[in-house]
Amino acid sequence: MDSSDPTVSAVIPCHDNFAQLGRTLAALSVQTAEPEAFEVIVVDNNSSQAGLDHVVARFGEVLSITLVHQPRLPHPFALCRARNLAISLARGAWIWTLDSDCCPNSGAVAAILETAGESDRALMMTGERLFVDTSDVSIEDILESSGALTDAPPVASPSNYHLDRDRRFPAVEALPDLPHPWDMMHGGNTAFRRADAVAVGGYDEAFDGNWGYEDDEFAYRMITRAHAEPVFVPGMAVYHQESAAAPDIGRISEEADRTAMIVDRPNKADNPNWHRVCALIPGYREYKLAAFSAHGVDVTI
């Protein structure tokens, strides 16, 4: 890295949801931070639809953006491999993981830069997720108006236990003084030093192929091995793109190689990632089951 390198590398895995990705890239293109301060790396996890190159190319003149296509994968759930690949290519000292359906607020990069500059310690940052209906929000709307996302109708999201606010509140504001701070570090909006991620071996690719928990386990190693302090950054928010006609809790369907892929999030018994994370993080199983119960979420274990 040299003085011409960006400070932040935004890492975005993607599989097919190009309309949502377009809004996310539009939100990145209207950041208050200087464009030279960050780059964007989009990693394609074997999209089955055409058009990703066109979506990315649209922002090539306003963003420092790189598109990387994964080689043939056994399964498009390959977040860990995608993030590790992007980390290996990143020029920034700080990695910011985003999901392709998470539009950052206009001051997100600036908030990351400010927080990073205030400390020479290892940090792991996270911010709020705001669940909004973007079905009537276009790329042009985001480019032309700062209120396009802030004025989008809120959604009591199935992925957020149908709560009106990010389910991590108010606990997340108490970071780092929580029993399981890694549970606060969702991969859709976290930032950390690239060197620390490399030092702990990056994301565990054994989680690929199934849904969930790879971000918790990665954060656990970052916090316990790299001694990264988990912090909540108020100005680092993302708008999680939803539809008012969302499916029932946690059931996600994607088209992958003409095969419908259904993820039943409450069914922990059949999810290898649930069993893996519980084996790797002491006390995690009991902690999460208590949290599910507190939120009235019925799970199968």
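## Lys-288 and Asp-183

Lys-288 is buried, with a relative accessible area of 3%. The model is a predicted one. Asp-183 also counts as buried, at 3% relative accessibility.

The side chains of Lys-288 and Asp-183 form a salt bridge, with an N to O distance of 3.1 Å. Lys-288 belongs to helix α10 (residues 284-294) and Asp-183 to the loop between α6 and β8, so this pair ties together parts 105 residues apart in sequence.

## Other salt bridges

The whole structure contains 13 salt bridges. One of them joins Glu-39 and Arg-91, whose closest N and O atoms are 3.4 Å apart. Since Glu-39 lies in strand β2 (residues 38-44) and Arg-91 in the loop between α3 (79-89) and β4 (94-98), the pair connects parts that are 52 residues apart in sequence. Glu-39 has a relative accessible area of 3% and is therefore buried, the cut-off being under 20%. Arg-91, at 31% relative accessibility, counts as partly exposed. Both residues also belong to a network of salt bridges that links Asp-5, Glu-39 and Arg-91.

A further salt bridge is formed by Arg-121 and Glu-229, with the closest N and O atoms 2.5 Å apart. This pair links distant parts of the chain: Arg-121 sits in the loop between α4 (108-117) and β6 (123-126), Glu-229 sits in strand β9 (residues 229-232), and the two are 108 residues apart. Arg-121 is partly exposed, with a relative accessible area of 46%.

## Cis peptide bonds

The peptide bond from Phe-169 to Pro-170 is cis, and its omega is near 0°. Pro-170 is placed in the loop between α6 (147-150) and β8 (189-193).

A cis peptide bond also runs from Leu-175 to Pro-176, where omega is near 5°.

## Positive phi angles

Asp-16 is not a glycine, yet its phi is positive, at about 75°. The residue is found in the loop between β1 (8-14) and α1 (18-29). With 9% relative accessibility, Asp-16 counts as buried.

His-162, also not a glycine, has a positive phi of about 60°. Its place is in the loop between α6 and β8. At 43% relative accessibility, His-162 counts as partly exposed.

Terms used: Residues numbered from 1 in each chain as written. Predicted model: local features only at pLDDT ≥ 70, side-chain atom pairs only at ≥ 80, totals over all residues. Heavy atoms only, no water. Helix = DSSP H or I, 4+ residues; strand = E, 2+ residues; numbered from the N terminus. Buried < 20%, exposed > 50% of the residue type's maximum accessible area, 1.4 Å probe, protein only. Salt bridge = Lys/Arg side-chain N within 4 Å of Asp/Glu carboxyl O.
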